[in-house]
Amino acid sequence: MISNAILKVLGETIRQRRSDLNISQEKFAEMCNVHRTYISQIERGLKSVSVKILFSLAENLNTTPSELIKEIEKKLNEKE
């Protein structure tokens, strides 16, 4: 089972990168071909994402899934 801490850090990371690119949740959801409420739930750490969605999120944030994972791992290690 995926821990809540991982989902929360994933959400924070997605939100920060999206904000840095000045993209609204609505526009980002459209770019990723998902509903805005799904993006909101991801960013609040309420939803887990599939590999397919992770790749879409990363692509639309101008990064790679592996870079997102590295950033999440770094943030989780800092919290320990």
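**Figure 1. Glutamate 43, a buried residue of a predicted model.** Glutamate 43 has a relative accessible area of 3% and is therefore buried (under 20% relative accessible area; exposed is over 50%, partly exposed in between; 1.4 Å probe, protein chains only). Helix α3 holds this residue; helices are DSSP runs of H or I with at least four residues, numbered from the N terminus. The side chain of glutamate 43 makes a polar contact with that of glutamine 25, at 2.8 Å. A polar contact is a pair of N or O atoms within 3.5 Å, where within protein one must be able to donate a hydrogen and the other to accept it, and residues adjacent in sequence count only if both atoms are side-chain atoms. Leaving out residues up to four places away in sequence, glutamate 43 touches (heavy atoms within 4.5 Å) Gly11, Glu12, Ile14, Arg15, Arg18 and Gln25.

Residues are numbered from 1 along each chain as its sequence is written. Local features need pLDDT of at least 70 and side-chain atom pairs count only at pLDDT 80 or more, while totals for chains, interfaces and linings use all residues; side-chain values use heavy atoms, without hydrogens and water.

**Figure 2. Helix α4 and its packing.** In α4 (residues 51–60), the buried residues are Ile53, Leu54, Ser56, Leu57, Ala58 and Asn60. They pack against α1 (4–20), α2 (25–32), α3 (36–43) and α5 (65–79). Asparagine 62, with a positive phi near 60°, follows α4.

**Figure 3. Contacts of isoleucine 14.** Not counting residues up to four places away in sequence, isoleucine 14 touches Phe28, Ile42, Glu43, Leu57, Leu61 and Leu68.

Terms used. Helix = DSSP H or I, 4+ residues; strand = E, 2+ residues; numbered from the N terminus.
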